[in-house]
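Here's a quick tour for anyone meeting this protein for the first time. Have the structure open while you read.

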Amino acid sequence: MQRLLRAAALVAASSLVAGQGAAADDAALIKSAESAAPAAVASGAAVHAMDEKGTMHTLREGTNGFWCMPDNPVTPGPDPMCGDANAMEWAMAWIGKKEPPKGKVGFMYMLAGGTDASNTDPYATKPEEGNNWVQTGPHVMIVNAADMMQGYSTDAKPDTSKPYVMWAGTPYAHLMIPVK
């Protein structure tokens, strides 16, 4: 569990729940986090959130191997997310700029939508010329399966209404699958 919390903190520090104060209502944060995945997954997932100092707090222990985080109010769109343990290992590698673990395909939900991001630069923090900023709606992601994404669009400016590969050509390439 400690490894999962550390990885969750790295993901959250990167782009997730950085602006939430200690006075935030835990029930509202849990409800936000649960909006990222189907109820059957979200209801048993561990829920983690970060305070304004970047300290990770477990709002609820999990029972099913999934984790969820609430929306980050400082990002332009809704971005609560849930994932499995393999997705967390992949995210930890991405945030740490390390090679993702071999042979561990992960799955993530962002059914409430996703924050806008660069489709080509895993570390871009804002739209800039050449970093191909895209807007994403509700979607799921398959991460750490780079060798299995042949046939999906790797265009720098993809049609985000269809499955496509985000961050193609990097160790963090992942399949984005819209659900609406």
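This is a predicted model: local features need pLDDT of at least 70, side-chain atom pairs count only at pLDDT 80 or more; totals for chains, interfaces and linings use all residues.

Residues are numbered from 1 along each chain as its sequence is written, and side-chain values use heavy atoms, with hydrogens and water left out.

**The overall layout**

- The protein has four helices and ten strands; helices (H or I, at least four residues) and strands (E, at least two) are DSSP runs, numbered from the N terminus.
- Of the 180 residues, 46% are buried; buried means under 20% relative accessible area, exposed over 50%, and partly exposed in between (1.4 Å probe, protein chains only).
- Take contacts between residues at least 6 apart in sequence: 61% of them join residues at least 24 apart. Contact here means heavy atoms within 4.5 Å.

**Helix H4**

- H4 covers residues 85–95, and its buried residues are Ala87, Met88, Glu89, Trp90, Ala91, Ala93 and Trp94.
- Asp84 caps the N-terminal end of H4, with a side-chain oxygen 3.2 Å from the backbone nitrogen of Asn86. A polar contact is a pair of N or O atoms within 3.5 Å; within protein, one must be able to donate a hydrogen and the other to accept it, and residues adjacent in sequence count only if both atoms are side-chain atoms.
- After H4 comes Lys97, which has a positive phi, near 55°.
- The charged end of Lys97 sits over the ring of Tyr123, 4.6 Å from the ring's centre. For that label, NZ of Lys or CZ of Arg must be within 6 Å of the ring centre and within 35 degrees of the ring normal.

**Aromatic pairs**

- A search of the whole structure turns up six aromatic pairs. Rings of Phe, Tyr and Trp (its six-membered ring) pair if their centres lie within 6.5 Å; planes under 30 degrees apart count as stacked, over 60 as edge-to-face and the rest as tilted.
- Trp90 and Trp94 make a stacked pair, 6.0 Å centre to centre with 25° between the planes.
- Both of these Trp residues lie in H4, four residues apart, about one turn of the helix. An α-helix has 3.6 residues a turn, so residues three or four places apart point the same way.
- Tyr123 and Tyr172 have ring centres 6.2 Å apart and planes at 85°, so this pair is edge-to-face.
- That pair links distant parts of the chain, 49 residues apart: Tyr123 is in the loop between strands S6 and S7, and Tyr172 in the loop between strands S9 and S10.
- Tyr123 counts as partly exposed at 31% relative accessibility, whereas Tyr172 counts as buried at 6%.
- Phe66, Phe107 and Tyr109 form one aromatic cluster.

**The disulfide**

- There is one disulfide, meaning a pair of cysteine sulfur atoms within 2.5 Å.
- The disulfide joins Cys68 to Cys82, S to S 1.9 Å, and its S-S torsion is about 110°, so it is right-handed.
- Cys68 lies in strand S3 and Cys82 in strand S4, so the pair ties together parts 14 residues apart in sequence.
- Cys68 and Cys82 are buried.

**Nonpolar cores**

- The largest nonpolar core has 21 residues, and Trp67, Trp90, Met108, Met141, Val143, Met166 and Trp167 touch the most other members. Such a core is a set of buried Ala, Val, Leu, Ile, Met, Phe, Trp, Tyr and Cys residues joined through side-chain atoms within 4.5 Å.
- The elements giving two or more residues to this core are S3, H4, S5, S8 and S9, and H4 gives the most, with five.
- Apart from this core lies another, of 16 residues, among them Ala42, Val47, Cys68 and Val140.

**Ser118, a buried polar residue**

- Ser118 is in strand S6 and is buried, with a relative accessible area of 1%.
- The side chain of Ser118 reaches the backbone nitrogen of Thr120 at 3.1 Å, and the backbone oxygen of Asn131 lies 2.4 Å from a polar atom of that side chain.
- Leaving out residues up to four places away in sequence, Ser118 touches Ala124, Asn131, Asn132, Trp133, Met166 and Trp167.
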